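Please read the points with the model open.

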Amino acid sequence: MMTGLDYLTGMRCLRCGRGYPPAPTRYVCEVCGDDGNLDAQYDYRRIAADWDRDALAGDADPAMWRYAPLLPVTAPPAYLSRSPLGSKPSTLATVGGTPLIAAPRIAAEVGVREVWIKDDGRNPTGSLKDRASAVAVLKAQEAEARVITTASSGNAAAALAGMAAAVGMRAVIFVPATAPSAKVAQLLVFGADVYLVEGTYDQAFDLCLAAAREYGWYCRNTGYNPYTVEGKKSVSLEIGEQLGWQAPDRVLVSVGDGNIISGVWKGFHDLHQLGWMERMPRIYGIQAAGSDVLCTAWEAETETITPIVAHTVADSISVGQPRDAVRALRAVRTTGGEYVRVGDDEILAAIPSLARGAAVFAEPSGAAAYAGLRALAAVGKLDPDDRIVVIATGSGLKDIASAMKSVGQAARIEPSLGSLDRALRLVAQVVD
Ligand SMILES: *Cc1c(COP(=O)(O)O)cnc(C)c1O
Ligand SMILES: [Zn+2]
């Protein structure tokens with residue numbers, strides 16, 4: 001099977017434009033250093049000549065590998081073989097293929113034609129990060145590395161630990177000591193070497209980079225490894241296919257480092273370049289008010305960012321120094337989208353609102369995108385004709401403590417009808 005590696009023409013620095021031959025361990029630009037993120041370049045003409053939407057429609061396996069000609073991995077080994085009936089050679093083969101769920105009640109509430117929720121919490125380890133970690137593990141194998149490492153606020157690490165377990169590779173993980181316990185549990189259960197760093201995510205990031213250089217480990221760090229975006233873009237390839245190749249008007253996604261939003265842009269860009277989708281959607285980046293570096297840069301119309309100390313309940317987007325800033329800013333600017341800030345109170349309120357409106361239970365960072373939809377509606381920025389996609393990036397089960405802050409307590413009763421009856425009357429009074 002042909003993969004994106006067969007069509008990859010090179011890697012280009014997003015800052016200075018220098019080109020490099022593709023190599024799994026070429027992470028950043030030689031001249032620009034860590035600020036010079038590399039972007040994979042494809043020969044779209046050749047891809048379009050070898051592959052079309054009908055061929056894709058004939059593949060009954062929904063996992064992300066259906067888009068192999070756009071994924072820069074070596075010819076998928078046995079564990080990526082296509083299996084429509086659901087028996088799978090490995091967990092790696094199950095990543096992606098998440099549902100796009102219609103939310104007509106939410107659409108009516110915010111006054112638009114259609115709202116769709118892309119429920120990416122339904123990936124194997126519960127977040128969109130599986131898409132990136134699956135590709136990173138294959139790149140590590142291509143580089144013949146024995147160890148793969150990452151720093152993460154939690155989900156990228158859980159995804160890497162899970163995907164490394166899927167192929168039997170050793171993973172070394174650096175997370176802030178404050179990471180939610182469900183995410184730390186995932187790391188330990190999947191058998192990764194886990195280091196809880198007494199510092200911020202940004203400090204864990206720098207430590208991981210230094211360790212990768214020191215010990216020769218393959219580094220998956222977000223906004224440093226150029227292949228994570230290539231995995232994450234599969235979310236947009238799926239959205240395009242799920243909407244019958246009709247571009248949505250707006251796509252909303254929460255933003256920390258800016259790597260997911262860069263992937264969202266790249267996936268739609270690929271479809272646009274192939275001629276499969278007529279136009280790009282407007283892309284909206286939603287940030288927590290306490291972690292709003294990209295909002296500030298976007299407002300100031302600059303690609304130079306000013307790091308802050310981030311504080312937000314949405315741990316997955318708590319980033320003081322976004323590592324994929326240039327691309328993340330361009331994704332919004334070039335598509336006519338916006339950066340939007342939402343407060344922690346709005347993020348927490350969005351959790352039950354999204355769960356009740358569309359039966360999707362998202363973690364705070366996932367619900368933040370939906371809080372952004374409410375915020376845009378509140379200031380009259382939506383159009384009645386709009387078809388909007390909100391990406392719910394992570395599962396609510398990742399952070400139960402925050403979810404519980406957004407809802408009341410359940411009533412405690414004796415195991416008797418009398419006790420239930422008294423409790424029901426109490427509810428009735430509240431409802432009246
Ligand atoms: C990582 C993550 C984000 C933000 O992605 P960035 O690439 O850091 O912008 C949003 N939501 C969830 C659930 C995440 O895990
Ligand atoms: Zn450069």
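1. In which helix does Lys-183 lie? Lys-183 belongs to helix α7, which covers residues 181-189; helices here are DSSP runs of H or I with at least four residues, strands are E runs of at least two, and both are numbered from the N terminus. Lys-183 counts as buried because its relative accessibility is 1%. Buried means under 20% relative accessible area, exposed means over 50%, and partly exposed is in between, with a 1.4 Å probe and protein chains only. The side chain of Lys-183 makes a polar contact of 2.9 Å with the side chain of Ser-316. A polar contact is a pair of N or O atoms within 3.5 Å; within protein, one must be able to donate a hydrogen and the other to accept it, and residues adjacent in sequence count only if both atoms are side-chain atoms.

2. A word on conventions is in order. The model is predicted, so local features need pLDDT of at least 70 and side-chain atom pairs count only at pLDDT 80 or more, while totals for chains, interfaces and linings use all residues. Residues are numbered from 1 along each chain as its sequence is written, chains are lettered from A and ligands numbered from 1 in the order in which they are written, and side-chain values use heavy atoms, with hydrogens and water left out.

3. Cys-13 is in strand β1 (residues 8-13) and Cys-29 is in strand β3 (residues 28-29), so the pair ties together parts that are 16 residues apart in sequence. Cys-13 and Cys-29 are both buried.

4. Two strands pair if DSSP finds at least two bridges between them. Met-11 stands opposite Ala-40 in β4.

5. A parallel pair is found elsewhere: strand β11 (residues 250-254) and β12 are joined over five bridges. Val-253 faces Gly-285 of β12 across this pairing. Strand β12 (residues 282-288) is largely enclosed by the rest of the structure, because six of its seven residues are buried.

6. Which residues come nearest to ligand 1? Of the 16 residues around ligand 1, they are Lys-129, Asn-155, Gly-256, Gly-258 and Thr-393; a residue is near a molecule if one of its heavy atoms lies within 4 Å of it. An oxygen atom of ligand 1 is 2.7 Å from a backbone N or O atom of Gly-256. For a polar backbone atom of Asp-257, the distance to an oxygen atom of ligand 1 is 2.8 Å, and for a backbone N or O atom of Asn-259 it is 2.9 Å. Taken alone, ligand 1 exposes 380 Å², of which the protein buries 98%. Accessible areas come from the Shrake-Rupley method with a 1.4 Å probe.

7. Thr-393 also features in a contact across the sequence: its C-alpha atom is 6.9 Å from that of Asp-119, although the two residues are 274 residues apart along the chain. Asp-119 is in strand β6 (residues 114-119) and counts as buried, at 8% relative accessibility.

8. Two backbone angles deserve attention. Most residues other than glycine have a negative phi. Glu-144, in the loop between α5 (129-142) and β7 (147-151), has a positive phi near 60 degrees. Glu-144 is exposed, with a relative accessible area of 70%. Glu-301, in the loop between α12 (293-299) and α13 (325-333), has a positive phi of about 55 degrees and is exposed at 74% relative accessibility.
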